[in-house]
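Subject: Structure for your files

Hello,

Here is the structure we talked about passing on. Please open it alongside this message; my notes follow below.

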Amino acid sequence: MMDFRLCLALTIFLMIIADLFTSGDRIPTTLEGPFQPVTHSFDSRLRRGSDDLPMDHPRLRRNVTSFFPEQISLAISSPTSMWVSWITGDSQIGSNVTPLDPSTVASEVWYGKRSRKYSSVKTGFSTVYSQLYPFEGLLNYTSGIIHHVRLDDLEPGTKYYYKCGDSSFPAMSREYVFETLPLPGPKRYPRRIAVVGDLGLTSNTTTTIDHLIRNDPSMILMVGDLSYANQYRTTGGKGVPCFSCAFPDAPIRETYQPRWDGWGRFMEPLTSRVPMMVIEGNHEIEPQVAGITFKSYLTRFAVPSEESGSKSNFYYSFDAGGVHFIMLGAYVDYNRTGAQYAWLEKDLHQVDRSVTPWLVAAWHPPWYNSYSSHYQEFECMRQEMEALLYQYGVDIVFSGHVHAYERMNRVYNYTLDSCGPVYITVGDGGNIEQVEVDHADDPGKCPSAQDNIPEFGGLCHLNFSSGPAKGKFCWDQQPEWSAFRESSFGHGILEVVNSTYALWTWHRNQDIYKRKSRGDQIYIVRQPHLCSTASKVVA
């Protein structure tokens with residue numbers, strides 16, 4: 001058996017080497033970096049954005065009745081457990097709404113390893129939430145009944161067939177199927193990890209998700225800004241790219257919560273069979289009176305917060321094969337004296353890199369960003385947390401927020417560093433706010449120090465203290481830490497090959513029907529012998 005494993009490992013390694021050096025189509029590696037910065041400007045033949053899909057669109061409208069399940073989704077709970085979530089009953093919108101009683105409908109999942117042969121039944125819990133606006137002319141909303149059931153004691157790498165609902169009505173869903181991920185281990189990895197952000201519900205979103213489905217992922221990282229329900233008045237109507245521009249007299253940042261229901265239906269064909277791990281973005285804040293925020297995000301999605309010791313849905317961690325994922329919250333306290341930082345430090349300290357060699361982090365707003373939009377917006381968060389992530393050797397960081405694609409050279413504290421993470425921005429899922437085209441280093445496009453004020457946290461904008469941009473707020477050319485940037489919609493796929501090599505591919509929407517096409521592709525290579533925790537000096 002050992003000889004077979006050694007032979008298999010050698011074969012995989014030789015395949016990688018062959019792939020790297022095949023003439024005509026060679027894929028670079030981060031070992032060759034840092035790379036000279038490259039910019040692909042916006043293709044003027046494409047549209048910068050598109051309108052939202054209407055609520056009566058076939059992929060958004062409700063296709064079940066009464067208490068039959070809809071908006072079914074999966075999320076990883078632990079290496080041997082999975083969350084199943086769904087919604088039953090009618091949501092309500094109007095001046096006066098009465099919440100449904102969650103106790104009137106059971107939360108059951110029947111599942112097993114053979115189709116229509118369900119050997120196990122699990123029950124869970126259910127809840128509702130309301131979005132209330134005590135302002136004249138604004139409408140209130142209360143959700144259908146939201147169910148969450150945790151399936152335990154699952155076998156790794158195994159297909160499970162399931163249906164969910166309440167068998168006493170009866171009101172059970174049709175049968176669905178999912179495949180569990182491998183157990184943690186240095187030689188076991190998810191087949192493909194899709195990464196997408198700032199999705200929305202436009203025709204561009206449709207292309208993104210259709211393209212992503214064609215790439216057949218085994219799990220999804222959703223890095224914030226999901227439904228864009230807050231681009232609407234509470235009365236619905238037409239969504240807008242800029243809410244404050246279109247509705248300057250609105251008494252509060254309104255939302256049209258039925259868009260969340262449409263988003264759940266739109267995503268169900270994917271999320272009912274592939275687990276999706278979410279983190280909050282600014283479009284999930286959705287303020288109500290009395291300081292109430294994030295109600296839809298906190299209620300609709302199950303995440304492994306308690307399982308990872310965070311006790312907060314705003315930040316958590318989980319394992320998928322030999323990858324440890326850390327999902328951080330940018331819109332809750334991230335200071336070194338706060339609960340999130342203390343949890344993060346403990347979580348990082350507990351990671352065993354001999355079991356999960358890869359360490360991947362994700363949060364919504366990027367720390368490294370050369371576009372004018374959101375430039376240095378979350379500099380405060382970077383100053384609080386970057387040293388800790390660098391110290392523990394985070395390999396890759398995914399973010400969204402900026403509606404374009406950008407991959408950085410390895411960097412730490414704005415300095416090229418071969419042991420720094422590879423930061424990647426994928427906020428180009430296709431939402432109504434349109435793709436970003438202006439760079440902070442373009443003539444006349446450098447924001448002022450008072451622009452890009454974050455929706456949470458302080459303002460820590462700074463001038464660079466070293467390098468070609470020393471003394472300046474913006475570079476006058478593409479920064480050296482920005483390796484590749486392009487203004488296009490798309491998504492990414494991460495394929496971890498072994499404990500040191502992972503293939504990252506960014507897929508542009510305009511390439512959906514092309515074979516072997518890629519907008520950006522690189523092997524990200526870990527160097528644990530050079531970049532151990534003990535060898536790092538943190539400023």
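How many helices and strands does the protein have? There are 7 helices and 28 strands; both are DSSP runs numbered from the N terminus, with helices being H or I of at least four residues and strands E of at least two.

Before the details, some ground rules. This is a predicted model, in which local features need pLDDT of at least 70 and side-chain atom pairs count only at pLDDT 80 or more, while totals for chains, interfaces and linings use all residues. Residues are numbered from 1 along each chain as its sequence is written, and side-chain values use heavy atoms, with hydrogens and water left out.

Overall form

The radius of gyration of the protein is 23 Å, which agrees with the value near 24 Å that a compact globule of 539 residues would have. That radius is taken over C-alpha atoms, and the globule rule is 2.2 Å times the number of residues to the power 0.38. The C-alpha trace spans about 65 × 65 × 50 Å along its principal axes.

Of the 539 residues, 57% count as buried (buried is under 20% relative accessible area, exposed is over 50%, partly exposed is in between; 1.4 Å probe, protein chains only). Contact here means heavy atoms within 4.5 Å. Among contacts between residues at least 6 apart in sequence, 72% join residues at least 24 apart.

The core

The largest nonpolar core has 120 residues. Such a core is a set of buried Ala, Val, Leu, Ile, Met, Phe, Trp, Tyr and Cys residues joined through side-chain atoms within 4.5 Å. Those with the most contacts inside it are Met219, Leu221, Phe318, Phe398 and Trp504.

Ser73 lies in strand 2 (residues 70–78) and is buried, with a relative accessible area of 15%. Apart from residues up to four places away in sequence, Ser73 touches Trp83, Val84, Ser85, Thr271 and Ser272.

Ser119 sits in the loop between strand 5 (108–112) and strand 6 (120–123). Is Ser119 buried or exposed? Ser119 is exposed, because its relative accessible area is 63%. Beyond its neighbours within four places in sequence, Ser119 is in contact with Tyr111 and Gly112.

Backbone points to check by eye

Most residues other than glycine have a negative phi, and most peptide bonds are trans. The peptide bond from Gly33 to Pro34 is cis, with omega near 5 degrees, and Pro34 is in the loop between helix 1 (2–21) and strand 1 (38–40). A cis bond also joins Phe169 and Pro170, with omega about -5 degrees; Pro170 lies in the loop between strand 11 (159–166) and strand 12 (171–172).

Asp225 has a positive phi, near 60 degrees. Asp225 is in the loop between strand 15 (219–222) and helix 3 (243–246) and is buried, at 1% relative accessible area. His374 has a positive phi too, near 65 degrees. The loop between strand 19 (358–362) and helix 7 (379–391) holds His374, which counts as buried at 19% relative accessibility.

Regards
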